[in-house]
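Please walk through this fold with me, one contact at a time. Keep the viewer open as you read.

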Amino acid sequence: MTVETLVQRAQRRRFLKPFVGELLWPPPMWLMRQAGRYLPEYRETRAKAGSFLNLCYSPKLAAEVTLQPIRRYGFDASILFSDILVVPDALGQTVSFVEGEGPRLDPIEDAEGLARLDSAQTGDKFSTVAETVSLLRQQLPDETALIGFCGAPWTVATYMIGGRGSPDQAAARLMAYKDPETFQRLMDILVESSVDYLSRQIEAGADVLQIFDSWAGSLADNQFDRWVVAPTRLMVARLKEKYPEIPILGFPRGADQLSASFASQTGVDAVSCNTAMPVSGMVQLSEATGRVVQGNLDPLLLVAGGKQLDDRVAEILGAMKGRKFIFNLGHGILQYTPPENVSRLVEQVRSAA
Ligand code: 1CP
């Protein structure tokens, strides 16, 4: 397949300009989890779909909810509507979403549980998601970039082993200490299936990828190198070999001081910073790595609104001006965010001088 060159796509889609080294001001912007429950139109489509996974596997409905925040706010990028847990689901693990509580999986406890995963059967579900990407590329405005994504192997493994979200990811960290061979096999399976999943998204029309490592911050530095850096580096290498024109954003949430070495060792084109990263840290990261930096407004401040929001946005913009920067939140938008606060934010970023 011939992918249009990045330089060509960047002429039409301003989101891509920082990736070809063009400094752009006001900076491009989008918000993590920009499609979701804070929007009444999302809640309506979500109700129509029935279950959350059904929404992920209904290309027309998934495309519709992806487009909703673009219609409202005109962000520079849209992100495919899906979930990081589509990969374990496609591998045959039982995954469900309990209303108001989050994901539940039948946890993998040992090598035997791991042996029940079946990489050979992922194709149907992955191609259903790829169909959403194709629909989106037809329906999106030509100037809007389309982000494909998956979870990083470490973060996806925390759910597969813990069976649910947890504050400390103890179950996965314990297995990684006690049985690193089994844990490594799980990483290998996830690298393989995630590269396949992302490749299909690229083939269907994704412009850029983001790899979400939401729980990267819970690991000691040696474990971080082994379970965050190494699998991500492998994924990036495999993807870059096939698709050198597709930029990759990494989101090692909570990596803090390890962010710069994460960037250089994995080969990602951009690093997304969470809220706890100081603004001065984003500046340093930009200088030390030369990569695109994305971040990092506190999602709770977007709920609060008002002068504090305006001031903090101005502070971030002031520090990042003149750098390859993408404006975003430090983590996903919260359910109780007033949609009008998002309008106010968009207006402020768009009028950045
Ligand atoms: O019922 C609903 O509507 C459920 C809420 C919801 C939504 C809107 C879930 C359940 N997933 C999603 C979509 C989603 N998830 C997107 C879509 C696109 C967009 O950004 O607009 C993306 C990129 C994700 C990624 C995701 N899912 C992550 C990584 C990013 C992050 O927020 O840290 C993680 C950890 C998940 C797991 C997950 N899925 C859903 C929930 C509530 C969770 C978190 C569970 C926990 O508390 O650990």
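At what angle do the axes of helix H8 and H10 cross, and within what distance do they come? The axes of H8 (residues 153-162) and H10 come within 10 Å and cross at roughly 120 degrees. Axes here are lines fitted to C-alpha atoms, for helices over the stretch in contact, and angles run from 0 to 180 degrees between N-to-C directions. Helices (H or I, at least four residues) and strands (E, at least two) are DSSP runs, numbered from the N terminus.

This is a predicted model, in which local features need pLDDT of at least 70 and side-chain atom pairs count only at pLDDT 80 or more, while totals for chains, interfaces and linings use all residues. Residues are numbered from 1 along each chain as its sequence is written, and side-chain values use heavy atoms, with hydrogens and water left out.

H8 and H10 are therefore oblique to each other. Angles under 35 degrees count as roughly parallel, over 145 as roughly antiparallel, 65 to 115 as roughly perpendicular and the rest as oblique. The crossing of H8 and H10 is right-handed. A crossing is left-handed if the near helix is turned anticlockwise from the far one by less than a right angle, and right-handed if clockwise. On the H8 side, the contact (heavy atoms within 4.5 Å) uses Pro-153, Trp-154, Val-156, Ala-157, Met-160 and Ile-161. H10 supplies Phe-183, Leu-186, Met-187, Leu-190 and Val-191. These contact residues divide into eleven nonpolar, no polar and no charged. Ala, Val, Leu, Ile, Met, Phe, Trp, Tyr, Cys and Pro count as nonpolar, Asp, Glu, Lys and Arg as charged, and the others, Gly among them, as polar.

H10 (residues 180-204) also packs with helix H9 (residues 170-178), at an angle of about 120 degrees and with axes 5 Å apart. H9 and H10 are therefore oblique too. Ala-172, Met-175, Ala-176, Tyr-177 and Lys-178 of H9 meet Pro-180, Thr-182 and Phe-183 of H10. This contact has six nonpolar residues, one polar and one charged.

Return to Met-160. Gln-93 touches it, and also Pro-88, Leu-105, Asp-106, Pro-107, Ile-108 and Leu-117, leaving aside neighbours within four places in sequence. Gln-93 sits in the loop between H5 and strand E2 (95-98). Its relative accessible area is 6%, so Gln-93 is buried. Buried means under 20% relative accessible area, exposed over 50%, partly exposed in between (1.4 Å probe, protein chains only).

Next, the aromatic rings. The whole structure holds twelve aromatic pairs. The ring centres of Phe-52 and Phe-81 are 5.8 Å apart and their planes stand at 70 degrees, so this pair is edge-to-face. Rings of Phe, Tyr and Trp (its six-membered ring) pair if their centres lie within 6.5 Å; planes under 30 degrees apart count as stacked, over 60 as edge-to-face and the rest as tilted. Phe-52 lies in helix H3 (residues 52-56) and Phe-81 in the loop between strand E1 (77-79) and helix H5 (86-90), so the pair ties together parts 29 residues apart in sequence. Phe-52 is buried at 12% relative accessibility, and Phe-81 is buried at 8%. Tyr-42, Phe-52, Phe-81 and Phe-97 form one aromatic cluster.

Finish at helix H13 (residues 279-289). Its buried residues include Val-279, Met-282 and Leu-285. Their cover includes helix H12 (259-266) and strand E8 (292-297). Gly-290 follows H13, with a positive phi near 70 degrees.
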